[in-house]
Amino acid sequence: MAGKKYKAAKELVDSNKQYPYAEAVALAKKTNTAKFDATVEVSFSLNVDPRQADQNIRGAMVLPNGTGRSQRVLVVTQGAKAEEAKNAGADIVGAADVLEKIKGGWMDFDVIVATPDMMGQLGRLGKILGPRGLMPNPKTGTVTMNIASAVEEIKKGKVTYRVDKDGNVNCLIGKCSFSEDALAANYKALYDQIVKVKPTSVKGAYIKGITVSTTMGPGIKVAAE
């Protein structure tokens, strides 16, 4: 059963209305019922078939105002690239040693960046990392020789987005403590990116629906531009 705070918050939202995005993020802040600094998220319902290779949307971008969340970055590399990773601010740097730790259940990190030469060894941990969404991928910029740039972008507020089997893309755009302008700018940047990666094979309307919500707040429908 929904609590009193949630019910009161939901009453502020017109479920039949599609709000302009700046209005929607302001309302999301207002209807946040959590006592902590909740995350603000956007969900895009897309007219795509993820089983088609060209419609399996996936990528990454740096939000203009960051995410408000600190990410612990593990870099899997060796040689000179290890020093580059440390200088760029990576939290943990290692090679076969950290892969052994992961095999043993160690998971004290949020993102893995790897150089291509390490992917053969990392690939053996697919059953552990894959289901958690932690396997590095060239499409999200986490398999690269440019380690410094990859680490710096993640620290600045890089987010990854990926369509699920139902055609939805869910992504955070910040925290409730962000200003309305900062959240609106992050939303617009993500929206523009999702539009930009529209597969050419999609016929008809591409975006079926957009919803903004906080961790424990009601969903707010957003008008597509």
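Colleague: What should I know before reading any values?
Modeller: This is a predicted model, in which local features need pLDDT of at least 70 and side-chain atom pairs count only at pLDDT 80 or more, while totals for chains, interfaces and linings use all residues. Residues are numbered from 1 along each chain as its sequence is written, and side-chain values use heavy atoms, with hydrogens and water left out.

Colleague: How many helices and strands are there in the protein chain?
Modeller: The protein chain has eight helices and nine strands, where helices (H or I, at least four residues) and strands (E, at least two) are DSSP runs numbered from the N terminus. Its radius of gyration is 19 Å, close to the 17 Å that the globule rule gives for 225 residues, so the chain is as compact as a globular protein of that length; the radius is taken over C-alpha atoms, and the rule is 2.2 Å times the number of residues to the power 0.38.

Colleague: And what does the C-alpha trace span along its principal axes?
Modeller: The C-alpha trace spans about 55 × 45 × 35 Å.

Colleague: What share of the residues is buried?
Modeller: Buried residues make up 45% of the 225, with buried meaning under 20% relative accessible area, exposed over 50%, and partly exposed in between (1.4 Å probe, protein chains only). Of the contacts between residues at least 6 apart in sequence, 71% join residues at least 24 apart, a contact being heavy atoms within 4.5 Å.

Colleague: Which residues of helix 2 are buried, and what do they pack against?
Modeller: In helix 2 the buried residues are Ala24, Val25, Ala26, Leu27 and Ala28, and the buried residues of this helix pack against strand 7 (168-175), helix 8, strand 8 (207-214) and strand 9 (220-221).

Colleague: Switching to aromatics, how many pairs does the structure hold?
Modeller: There are four aromatic pairs, counted when ring centres of Phe, Tyr or Trp (its six-membered ring) lie within 6.5 Å; planes under 30 degrees apart count as stacked, over 60 as edge-to-face and the rest as tilted. In one of them, Tyr21 and Tyr187 have ring centres 5.2 Å apart and planes at 15°, so the pair is stacked. This pair links distant parts of the chain, since Tyr21 is in helix 2 (residues 21-30) and Tyr187 in helix 8 (residues 180-196), 166 residues apart.

Colleague: Are those two tyrosines buried or exposed?
Modeller: Tyr21 is partly exposed, at a relative accessible area of 24%, whereas Tyr187 is buried, at 0%. Tyr187 also forms a stacked pair with Tyr191, at 6.1 Å centre to centre and 20° between the planes. Both Tyr187 and Tyr191 lie in helix 8, four residues apart, which is about one turn of the helix.

Colleague: Which residues do the ring pairs link into a cluster?
Modeller: The cluster is made up of Tyr21, Phe44, Tyr187 and Tyr191.

Colleague: What about Asn47, where is that?
Modeller: Asn47 is in the loop between strand 1 (39-46) and strand 2, and is partly exposed, with a relative accessible area of 30%. Leaving aside neighbours within four places in sequence, the residues in contact with Asn47 include Gln55, Val202, Tyr206 and Lys208.

Colleague: Last one, which residues does Ile128 touch?
Modeller: Not counting residues up to four places away in sequence, Ile128 touches Ile102, Lys103 and Met107. Ile128 lies in helix 6 (residues 126-129) and is partly exposed at 23% relative accessibility.
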